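Here is my note on the model, as numbered points. Please read it with the structure open.

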Amino acid sequence: MTKRTTVLAALALMASTAAVSAQVSDDVIRIGVLNDQSGMMADLSGKLAVDAVKMAIEDVGGKVLGKPVEVISADHQNKVDIGLATARQWYEQGGVDLILDVPNSAIALAVQDLTRKMDRVAIFTSSGTSDLTGKSCSPNGIHWTYDTYAYASAVASGMVADGGKSWFFITSDYAFGHALERDASAVVKARGGEVLGSVRHPIASADFSSYLLQAQASKAQVIGLANGSGDTVNSIKQAREFGIGGDDGQRIAALYLAITDVHSIGLEAAQGVNLVGAFYWDQTEATRAWSERFYKRNGRMPSMIHASDYAATMHYLKAIQAAGTDAAGPVMAKMKATPIDDFMTKGGTIREDGRVLRDLYLYRVKKPSESKRPWDYYHVLRTIPADQAFRSLEAGGCPLVAKK
């Protein structure tokens, strides 16, 4: 390498460092909500997630450390190239300090890689893959709400204990579905069950007839739906049309089912389904109070993702205030050092791999006759303590975790 080349490289590095520093220390704290606003996950997060962030910004008075807090948003359209390009532009040129939400695990993994390279923060409230705190963990990434291991483990272990020993999976063919099937299969086998087969479908499928018929023909006791949102809704609706999961001896296990999905399916079809969640609007006085605020603004009750977006934003902004800066490193350190106590989470902590440890809950969908008002959908069956819900730190394989 020539002296001239060395000098030019050094100048380029200095310019790059100065650009990042300028963005970190500018006069605005900017949050970018990157999610699905037009596809099958739009109800789960979507535009109302942006309003949840606005509620948090309003509740801190619109400023932190004297700097105004702004929120911008974009629809990633469930395309990795669009999501990654948007995130890169936000970090490099848009002055975005935090990227939030990010449904679609493939996009989340790409954003997670950017947080390492660009020293920026991301909080994944709606992404599922447990790889975010495993092999793909980042010092600047936080997995806030749930993950595939926790959901798959809770649902699969419960079904096996109830006699569902043989399984067939209908799996969404991208990172989220793959992780759900992988994690649930491991639980089934560890508890003495067997996996008879699986079939994968494209994301946002409309016709599940061939997949359901393959599952039916397998004679598996449990058909595991390793998908989410609109795909889970369509799977359950079409299974009912084929008479699957009724009196035929086969049972349907939805490894991820949200309240927005139950709303779409309707109580008549969804009644009796057991599911796992991190939040239900009608669970406590605190959840009801915040949810009624959300309802007055938006005409519907919040999903657990909307609640998570508010709570994660508040935790992030309080960390900036406590750290005295919006630079990624000090803010991440402060967030990890501060317990999470709000209407949604009590005694939550952020582990060194970025996993938020919180209690999860087992719910059962009510019968239509038991529902007293719109969105009155769940019975709360039991609490799943955080140390039972989530994979251990050692089992995750996060490279950030020092070997003991």
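1. Helix 3 passes helix 4 in a right-handed crossing. This is a predicted model. Helix 3 covers residues 80-92 and helix 4 covers residues 105-118. Their axes lie 9 Å apart, at an angle of about 25°. Angles under 35 degrees count as roughly parallel, so helix 3 and helix 4 are roughly parallel to each other.

2. Which residues make the contact of helix 3 with helix 4? On helix 3 they are Val-80, Gly-83, Leu-84, Ala-87, Arg-88, Tyr-91 and Glu-92. On helix 4 they are Ala-106, Ile-107, Ala-110, Val-111, Leu-114, Thr-115 and Met-118. By class, the contact has 10 nonpolar, 2 polar and 2 charged residues.

3. Now the salt bridges. The count comes to 16. One of them pairs Lys-67 with Asp-326, with the closest N and O atoms 3.4 Å apart. Lys-67 sits in strand 3 (residues 67-75), and Asp-326 sits in the loop between helix 12 (304-323) and helix 13 (328-337), so the pair ties together parts that are 259 residues apart in sequence. Both Lys-67 and Asp-326 are buried.

4. Asp-147 and Arg-355 also meet through their side chains in a salt bridge, at 3.1 Å from N to O. Asp-147 belongs to the loop between strand 6 (141-143) and helix 5 (148-161). Arg-355 belongs to the loop between strand 12 (349-350) and strand 13 (356-357). The pair therefore ties together parts that are 208 residues apart in sequence.

5. Lys-366 and Asp-376 form a salt bridge with an N to O distance of 2.6 Å. Lys-366 and Asp-376 are 10 residues apart, and each lies in the loop between strand 14 (360-365) and strand 15 (378-384). Lys-366 has 11% relative accessibility, so Lys-366 counts as buried. Asp-376 has 5%, and so counts as buried as well.

6. Some salt bridges share partners. Asp-51, Glu-58 and Arg-297 are joined into one network in this way.

7. Where does Thr-125 lie? Thr-125 is in the loop between strand 5 (121-124) and strand 6. Thr-125 counts as buried because its relative accessibility is 0%, and buried means under 20%. Leave aside the neighbours within four places in sequence. Thr-125 is then in contact with Leu-100, Asp-101, Trp-144, Thr-145, Tyr-146, Ile-305, Ser-308, Asp-309 and Ala-312.

8. Two backbone angles deserve a check by eye. Leu-65 is not a glycine, yet has a positive phi of about 55°. Leu-65 lies in the loop between strand 2 (63-64) and strand 3. At 35% relative accessibility, Leu-65 counts as partly exposed.

9. Ser-229 is the other case. Its phi is positive, about 50°, although Ser-229 is not a glycine. Ser-229 lies in helix 8, which covers residues 229-241. Is Ser-229 buried or exposed? Ser-229 counts as buried, with 4% relative accessibility.

Note on methods. Residues numbered from 1 in each chain as written. Predicted model: local features only at pLDDT ≥ 70, side-chain atom pairs only at ≥ 80, totals over all residues. Heavy atoms only, no water. Salt bridge = Lys/Arg side-chain N within 4 Å of Asp/Glu carboxyl O. Helix = DSSP H or I, 4+ residues; strand = E, 2+ residues; numbered from the N terminus. Buried < 20%, exposed > 50% of the residue type's maximum accessible area, 1.4 Å probe, protein only. Axes fitted to C-alpha atoms, helices over the stretch in contact; angles between N-to-C directions. Parallel < 35°, antiparallel > 145°, perpendicular 65-115°, else oblique. Left-handed = near helix turned anticlockwise from the far one by under 90°. Contact = heavy atoms within 4.5 Å. Nonpolar A, V, L, I, M, F, W, Y, C, P; charged D, E, K, R; others polar.
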